[in-house]
Amino acid sequence: MAFGSSRARGPSEQRPWTFYALGTLFGAYLLFLYGPMLVIYVLSFQGPNGGVTFPMVGTSLTWFRDLFKPGQMANIPVSFSRSVELAALVSALTVVFSVSAALGFRRRFPGSGLLFYLAIASLVMPSLLVGFGIGLGFQMLGLPQDLFTSALGAQLTWTLPFGLFAMFAVVNRFNRAYEEAANDLGASAWQRLRYVTLPILAPGIVGVAMGAFTLSYDEYARTTLTIGTRNTLPLEIYALISSATSPTLFAIGTLTTTTSFLLIGVTLVVVFRMQRRRATAAN
Amino acid sequence: MDARFDVELVSVTKRFGNSVAVDAISLRIPRGSYCCLLGPSGCGKTTTLRMIAGHEAVTEGDVLIGGANVTMLPTVRRGTAMMFQSYALFPHLSCLDNVAFSLKMRGIAKAERHRQAREFLALVHLEDYAQRLPSQLSGGQQQRVALARALITKPRVLLLDEPLSALDPFLRIKVREELKRLQRELGISFIHVTHSQDEAMALADLMVVMDHGHIRQAAAPREVFERPVSAFIARFIGGHNVLPTPHGAIAIRADRCQLGTGGDGPHVNGRVAAVEYQGTMVRVALATDAGDEATALVPDAIFYRAPVAPGDAATLVWSDHDAHPLTEA
């Protein structure tokens, strides 16, 4: 890369004007992307007498405290824990199904192509329509719509094809000779999976788990028509936006962002620890 | 149980769909021999090795190991161990745990399996690298770990798939010696797949030359080199001229050919196409008047007494008793 860029710059070492033009464009894009979010984070610390716009009337944690007062606002803490529980379950199921499916798909079988396209077709289906169909189906069958029934199913139509795609990419790079070597060394099918295949695929599996978790955590369109009466966090926030406007909304934004970063941070630390342990074992 | 042979193949065939990869080959590998399967790529040598290991199902025929028919047995119950071309060392396990893997699968306690694994690492002179991960080793070291991992299963037959192809030429010769030493010391059979005739000649007790799914010749390397059965063998193992005569094709070793003047003896006229200095020898390539290619490997001292240059007319001469008739097509 260094070689390529030095060659592109030529002998004068001077960047062409296009570099600055594109750089400015990219800067504008970053501002557009993160500017509004920054505004939200700042305004969430608005003073108790302030409103939803600048100027700031002092600073306070009033709006964060408001969030946790039960009854007054929509029930943010409860919907947050619902979202996390649902996302954890969705993530676990997605990992189990996509890992087994991706391993199974390595062997071509009659109809495997058709099956694959059927499995990923729901990625391109309009999300509202999928949610609507599932909601309608539950109603026709007289089944209760709830968090861990219809909403879970609706979210899986979104995370499973995603997980399958991601695991396909991971499994494609997996050298079959590892499994043959395991056979050769006397491993049973279960031992081979437990001690060879899964550990080697582990980084990819962690990635799929995290991806599925975040997809579920902020899913709206499919969930809204299948959730029943117990809202997840995104639905609760949306309800809040359409009914009331106060800096509480901003406080929610700040809090959920912090949660996401915490989640990513914890995962990175876990992965880093895993690598460290391997490296220490090596010394 | 007839254990004169470590491995017997009885008209073994492998088909992939409509294409035949291995066509009814039969082979007997005597106990404790170093056998090389040699041939150009796509000749079926690796498929044959994988069928012996049980990584590939046999379409027709039988595979016997130590006199017992193992055609239907899973890999682990065949008494073979395989060293993969990519080594296939488990990247998440230390060298010690890689070597101890088969013992762990058999439920042997940690202390015991680590003790044995250390012994086998010592056998390949890697005892100091026990805690390293495979990615922290050089290619040659990785290969030795793979060797230790295969040998710890106490196989009757060790299968090696192009074991030297990933090493640099200097290391290749060192590892080659090491493999031969190990095979002699352990007294088990090694079956070694390679496309390099040098490697096969240096190592093999039994050299099996394959082409298009058939065994073209199976004999000791010296036998194959001195009496190639066909033009294919003579050309593939190299160092031979294949020339047409009224009584059929003959092979003559290039180092038994000289540049000279025709006369009563056998000879062929042509022009010098290329001259290559090779140190102890000078290789003179000729285009014969009949349109064949021929080579003379001339000792340097003799060549420089009467040097030739490309374009010169030249005559290739040899003695009758060096000409070897090629009996097979």
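Helix H1 of chain B, spanning residues 45–53, is mostly covered, since 9 of its 9 residues are buried, where buried means that 20 or more other C-beta atoms, placed from the backbone, lie within 10 Å of a residue's own. Helices (H or I, at least four residues) and strands (E, at least two) are DSSP runs, numbered from the N terminus. This is a predicted model, in which local features need pLDDT of at least 70 and side-chain atom pairs count only at pLDDT 80 or more, while totals for chains, interfaces and linings use all residues. Residues are numbered from 1 along each chain as its sequence is written, and chains are lettered from A in the order in which they are written.

**Around helix H1**
- The buried residues of H1(B) include B:Leu49 and B:Ile52, and both of these are in contact with B:Ile191, contact meaning that C-beta atoms, placed from the backbone, lie within 7 Å.
- H1(B) is followed by B:Gly54, whose phi is positive, near 90°.

**Nonpolar core**
- The largest nonpolar core has 100 residues, and B:Ile191 is among those with the most contacts inside it; such a core is a set of buried Ala, Val, Leu, Ile, Met, Phe, Trp, Tyr and Cys residues joined through C-beta atoms within 7 Å.
- Helix H2(B) provides the largest share of this core, 6 residues.

**Contact between the chains**
- Chain B contributes 22 residues to the contact and chain A contributes 18 residues.
- On the side of chain B that touches chain A, strand S6 (80–83) and helix H2 (95–105) each supply at least two residues, and the largest share, 3 residues, comes from H2(B).

Note on methods. A residue is buried if 20 or more other C-beta atoms lie within 10 Å of its own, exposed if 12 or fewer, and partly exposed in between; C-beta atoms are placed from the backbone. Two residues are in contact if their C-beta atoms, placed from the backbone, lie within 7 Å. Lists of a residue's contacts leave out its neighbours within four places in sequence.
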